Amino acid sequence: MGIRYYAYPVTADRIAAASIDPATAIPYDPFATSFMPRLENATNPNPLDDPYDDLYLDKVWSWVGHLFATDWYEPDRPAYELFKGNATTVDVGWIPWEQFISPQELRVIAADLDSAGPEDVDALIESKKYHFTEREGEWILDLLRQTQQFVRRRVERGEGMAIHIG
């Protein structure tokens with residue numbers, strides 16, 4: 001099945017618990033939750049009304065992260081915080097990476113995320129550093145836009161964010 005990326009909103013009333021243990025804001029089965037039908041509001045699929053408002057970046061979250069990583073001698077950009085994690089592989093699977101990001105941290109991350117766009121993806125493709133194809137670049141751009149929208153909603157609502165990679 002593979003290691004996948006999931007992110008969830010953390011409302012103000014759950015921030016204290018999530019800052020101690022991000023798992024308190026992460027569903028028991030993230031994969032199932034990401035594909036759960038949005039039946040409660042099928043006539044108006046507005047993310048603002050979606051009780052399952054989450055971010056699913058599949059197995060390629062690190063591709064988007066390459067837009068924000070820097071060379072080893074430079075500090076990473078703020079948005080790289082969303083992509084830096086990885087599950088720890090063990091003999092019989094993996095141990096997931098879980099992280100909480102506070103509303104204050106998300107404001108800085110959102111500004112950095114919003115500074116990236118199609119030209120940055122094009123530069124990533126043209127660099128040949130990661131050998132991405134143009135088709136993969138389209139996927140990266142789509143996931144970047146989903147991430148920007150998800151994080152913007154968190155900032156607008158004063159929420160934090162919990163990440164599960166596993």
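1. Trp-72 sits out in the open: its relative accessible area is 79%, so it counts as exposed (over 50%; buried is under 20%, partly exposed in between, with a 1.4 Å probe and protein chains only). Tyr-73 is exposed too, at 54%.

2. Housekeeping: this is a predicted model, where local features need pLDDT of at least 70, side-chain atom pairs count only at pLDDT 80 or more, and totals for chains, interfaces and linings use all residues. Numbering starts from 1 along each chain as its sequence is written, and side-chain values use heavy atoms, leaving out hydrogens and water.

3. On rings, there are 8 aromatic pairs (Phe, Tyr or the six-membered ring of Trp, centres within 6.5 Å; planes under 30 degrees apart are stacked, over 60 edge-to-face, the rest tilted). Trp-72 and Tyr-73 are edge-to-face because their planes stand at 90 degrees, with centres 5.5 Å apart. Ring pairs also link Tyr-5, Trp-61, Phe-68 and Phe-83 into a cluster.

4. Now the sheet: 4 strands, open, antiparallel, in the order S2-S1-S6-S5 (DSSP runs of E, at least two residues, numbered from the N terminus; pairing takes at least two bridges). S2 (55-58) and S5 (97-101) are the edge strands. S5 is joined to S6 (residues 160-165) by 5 bridges, and Glu-98 stands opposite His-164 in S6.

5. Helix H4 (residues 103-114; helices are H or I runs of at least four residues) packs on the sheet, touching S5 and S6 (contact is heavy atoms within 4.5 Å). Its direction makes about 95 degrees with that of S5, using lines fitted to C-alpha atoms, for helices over the stretch in contact, and N-to-C angles from 0 to 180 degrees.
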